[in-house]
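Here is a brief report on one protein chain. Please look over the sequence and the model before reading on.

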Amino acid sequence: MTTLEFRDKLARRTRRAKAPITLAMLEPLEAYFRLLAQWNVKINLTALPLDPPTDETFDRLLAEPLAASREIPMHSACTWVDLGSGGGSPAIPLKIARPGLKLTMIESKERKGAFLREAIRALGLTDAFVETDRFEVAAGKSHHVGTADIVTVRAVRADGELFETAASMLKHGGSLLMFRPAHSPTADPAGFQRISTVPLIDSPQSFLSVYRRVFHVEHSKS
């Protein structure tokens with residue numbers, strides 16, 4: 001795939017998803033995609049086809065996180081933690097779209113962590129870091145407890161442990177952004193209030209659920 005073909009396909013898929021994109025984002029997005037394809041030959045970073053890539057590949061790896069960037073202010077300088085970062089999407093494309101965010105990617109597998117560090121270096125991303133640890137363990141470390149403005153997660157089981165981990169990391173009023181394959185109108189988990197669920201891409205469908213971290217204070221009876 002030539003650079004012209006890559007950019008043409010990216011333009012078509014982001015336009016379909018109504019995902020914001022600028023000229024300045026094209027080069028780093030292509031660099032990330034090519035690095036992912038190179039490393040994926042040796043280690044399993046994604047099951048999506050990369051040579052040649054399909055429309056779904058572009059949608060899931062690139063258009064979806066760019067569409068999610070609509071939920072984060074353009075010049076935000078928040079502290080952001082991505083849980084289970086794997087092959088770097090949605091975190092790296094979202095970081096390209098919102099470069100002011102201070103990103104920590106948490107990934108338990110050493111080889112995937114090595115890829116993420118190389119992506120940071122190759123793309124020249126600033127304020128981007130990798131921690132090789134289980135996110136449940138990382139959540140208990142002092143530099144993470146109650147310090148994050150944003151936590152993102154995709155392809156991680158949405159169970160009580162996940163919400164407890166995110167709750168531990170987030171400040172009061174911080175946001176949990178969950179990439180989901182379906183809109184599920186379930187009750188809000190303890191410590192969170194769902195703010196919105198917005199569609200990202202339509203084939204296959206994916207959604208972004210945005211939760212706000214809230215603390216419920218019980219008042220003692222007089």
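**Overall fold**

The model is predicted. The protein chain holds seven helices and seven strands. Read from the N terminus, the order is α-α-α-β-α-β-α-β-α-β-α-β-β-β. The radius of gyration of the protein chain is 17 Å, close to the 17 Å that the globule rule gives for 222 residues, so the chain is as compact as a globular protein of that length. Along the principal axes, the C-alpha atoms fill a box of roughly 70 × 35 × 30 Å.

Buried residues account for 50% of the 222 residues. Of the contacts with a separation of 6 or more, 65% join residues 24 or more positions apart.

**Nonpolar cores**

In soluble globular proteins, nonpolar side chains tend to be buried together. What does the largest nonpolar core contain here? It has 48 residues. Those with the most contacts inside this core are Leu 62, Ile 92, Met 105, Phe 115 and Leu 208.

Take Leu 62. Neighbours within four places in sequence are left aside here. Leu 62 then touches Phe 6, Leu 10, Leu 29, Tyr 32, Thr 57 and Pro 93, all counted as contacts.

A second core is separate and has 19 residues. Val 81, Phe 135, Ala 167 and Met 178 are among them.

| Core | Residues | Members include |
|---|---|---|
| Largest nonpolar core | 48 residues | Leu 62, Ile 92, Met 105, Phe 115, Leu 208 |
| Second, separate core | 19 residues | Val 81, Phe 135, Ala 167, Met 178 |

**Largest pocket**

Rolling a probe the size of a water molecule over the atoms shows where empty space is left. The largest pocket holds about 540 Å³ of space. Its lining consists of 30 residues. Which of them lie nearest the centre of the pocket? They are Gly 84, Gly 86, Gly 87, Arg 154 and Ala 155.

By class, the lining has twelve nonpolar, nine polar and nine charged residues. Both helices and strands contribute: α2 (23-40), α3 (55-68), β1 (79-83), β2 (102-107) and α6 (135-138) each supply at least two lining residues.

**A loop residue**

Where is Ser 203 found? Ser 203 sits in the loop between β6 (192-202) and β7 (205-213). The relative accessible area of Ser 203 is 43%, so this residue is partly exposed. Ser 89 is 114 residues away from Ser 203 along the chain. The C-alpha atoms of Ser 203 and Ser 89 are separated by 17 Å.

Definitions and conventions:
Residues numbered from 1 in each chain as written. Predicted model: local features only at pLDDT ≥ 70, side-chain atom pairs only at ≥ 80, totals over all residues. Heavy atoms only, no water. Core = buried A, V, L, I, M, F, W, Y, C linked by side-chain atoms within 4.5 Å. Buried < 20%, exposed > 50% of the residue type's maximum accessible area, 1.4 Å probe, protein only. Contact = heavy atoms within 4.5 Å. 1 Å grid on protein atoms, 1.4 Å probe; cavity = no way out; pocket = protein on both sides within 12 Å on 5 of 7 lines; lining within 4 Å. Points joined across faces, edges and corners; volume = space filled by probe spheres on them. Helix = DSSP H or I, 4+ residues; strand = E, 2+ residues; numbered from the N terminus. Nonpolar A, V, L, I, M, F, W, Y, C, P; charged D, E, K, R; others polar. Rg over C-alpha atoms; globule rule 2.2 N^0.38 Å.
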